Structures are given as structure tokens and as C-alpha cells.
Amino acid sequence: MTDSHRPSGEYPMYPSYGNGEAAYPPPPAYEPAQQNAGAPDWPAPEPAPAPAPERRVKRPFALLAAVAIAAAAVGGGTATLLGELTDGGTAGSASGGVVSGTTVSQSSAGTVSGVAAAVAPAIVEISAKSSAGDATGSGVVITSDGEIVTNNHVISGASQIEVALSTGRTYTADVVGTDPDKDLALIKLQDASGLKTASLGDSSAVEVGDQVVAIGSPEGLTGTVTSGIVSALDRDVTVAKDDDSSGQGQQQQQGSGNWPFEFGGQQFNGDTGTSKTTYKALQTDASLNPGNSGGALINMNGEIIGINSAMYSPSSSSASGSSAAGSVGLGFAIPVDTVKADLDTLRAGDGS
């Protein structure tokens, strides 16, 4: 046997295949599996890249998470809105959703119906009897035990005053104090308690164009609601100061159409008489008629911004005494800041 040219023991010898020489098998077409971890015959195979199921999983997971977050946000917003609509605005009271002294909630603030529903229980009808006849006016309840602000000309010269609440209940009232120079009066119900009260606002914040609501008892129609805007500020309006011997002050509330006042040097709706006073007024186009005197001019938050006190009527009453045409959008109210500044005087009776 011919010796191999390869060193003995380097490769194993295999049986000959007919020519007397040892044959060497060809290398395998694949890398043999590692037999000895300590000394591999071939380099260790590089690990195959792992499949990426995580990307396919993470993307829908992230999408679901985003959807869940969005749903939570929408659900939270819905719950908040639902709470505001169902809790009567209690949660929003600190931000002005509910006005002290009224029950205007966020869901109805800014609407005439919401303001009317909240404030109407605090507006009363006043019937005053005097030697001149019966007069009808309006008033605003400011304390739960029955203090009511009205115009002086509504109760001037009255020997008896009866007040009807929005519920229909009636009370007898006494005059606490009057201020003829400002055409204001304060009366108080006898034996009253637990009454709905109105909130006195801030007339210095009123601007031309602000929407307003008027509530009163024109022609004895209790709780009549009208609306409009503030047409002008600081109008110098002159009205009758006291009930004179002719009964002019009372007659203007008897449905005769007389509601005399002066503006710009001219007299309207009859003679104001020799005793008169002038004040700065808010002008409004909210419809006012005889009987609205002493009633409320209200902003859209349910706050009283003025006490209605004068109006312009396009024609005077006829000789038969029938009522004149109603308001044509020229009404005037005493600013509520004037009322607030005068309350201590009225309560003390110093202005009487």
C-alpha cells in the first residue's frame, strides 16, 4: 500500500475503492452539527433574526390604548356636562352660574325663560288705596322677611297697602321709608317669612346693548314678562315727586295711561306737577306699561339692575278715561346702585 503524502493521523483513512488508494469523502453540503461544545469543527452559526411578532402586536395594542384614552376623555366630558345640566348648576356657583338670591342655573342662564323663572317669585304686585283712588304698581322682594323696594310714586299718599305674591298669597304692608328725591320707597310685609328674594346687581357694569328682562304687573296683569336691551345710560329723567292735591301721582297707576315724566325740557304723558325730582336713569326698549312702576329690570344673570319708574306713551288718555296706547320702547329705570346706596336711609325712615 502506497503511503499517503498527508501526515499520518491528520485525517482518518477510509477503505480503498478499487484502486488501492484510500478515498476521502467530499465535504458535506451543509455544516455538520456541533458535536463538541468545547471544540467545534465549524464556526458556530450566527443566530437567525428572530421573527418580529412584537411589532405586529404592539401596533394594535397601542391603537387600542389610544382609543381607550380617547373614550375616557369623551366619557369624562360627557359626565361633566351631564352633571352641569342635572345638578342645577351647584358646581358652577363659584364661576357665576348661579346668582345669589335667585336660582338661575348654567343650563338656563342667558335665556329670558330662565331669568323669568328664577326672578318672578321675587316680584310682587302692590295695590295702594288713597283718597285719590286705587293704584297698582310693582315691587321687588329683597329680604326673606318681606322688605320690598318700589317707587315712591306707587305708594305716595296711600292709606292702605296690600301686596300679592306670585303665588297669589296676599299680605298687608307698612311703609318703612320713602325717598321722594330718588322716587324710591321701602315697604315691609306684616308677618312674612321664608320669601323668595332677588339679587341686587351692579348697574355700573351695564352697557348699552345688554339684554334685559322686565317683570311687573302692567294694568294689573301680575307677573308679566317682557324683554329688550339697554338703550342708553344716564338719562336725566324728571318725575312727579309727591302725590299732590290732584292725585296725579296715584292716577298714573290706575290704568288711565298717565305716567308723567319730563326729558329734555319736554313733558310726556301729562303734567308732572310742581313737585318733581330728577335722577339718572337707564333707558330700555323692554315694553313697560302702567303698573310696571316699581318692578324689576333684570340682566341675563338674574340680577336686578334697575327699578322701572317711567315710560313714554304715544298718546294721552281720552276724555272718557280709556287707556292710552302701550309702550313704544321708551322706558326708564332707576339704577340699582342708586337703590343700594339709599337702603340704609330708607330703612331708617330718614327720607320720609
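Modeller: In this predicted model, A164 has T170 of β5 as its bridge partner, and that pair belongs to the antiparallel pairing of strand β4 (residues 160-164) with strand β5 (residues 170-179), which are joined by four bridges. Both strands are part of a closed, antiparallel barrel of six strands, whose order is β1-β2-β3-β6-β5-β4. From one strand to the next, the twist averages 40 degrees. Helix α5, spanning residues 336-348, lies across β3, β5 and β6 and runs at about 60 degrees to β6.

Turning to another group of strands, strand β15 (residues 331-335) pairs with β14 in the antiparallel sense over five bridges, and within this pairing I307 stands opposite I334 of β15. I307 also has A296 opposite it, in the antiparallel pairing of strand β13 (residues 296-298) with β14, where there are three bridges. The hairpin formed by β13 and β14 has four residues between the strands, and in it G302 takes a positive phi near 85 degrees. Strand β7 (residues 199-200), by contrast, runs parallel to β14 and is joined to it by two bridges, with S199 standing opposite E303. Strands of a sheet pair through backbone hydrogen bonds, in either the parallel or the antiparallel sense.

How values were computed: Residues are numbered from 1 along each chain as its sequence is written. This is a predicted model: local features need pLDDT of at least 70, side-chain atom pairs count only at pLDDT 80 or more; totals for chains, interfaces and linings use all residues. Side-chain values use heavy atoms; hydrogens and water are left out. Two strands pair if DSSP finds at least two bridges between them. Axes are lines fitted to C-alpha atoms, for helices over the stretch in contact, and angles run from 0 to 180 degrees between N-to-C directions. Contact means heavy atoms within 4.5 Å.
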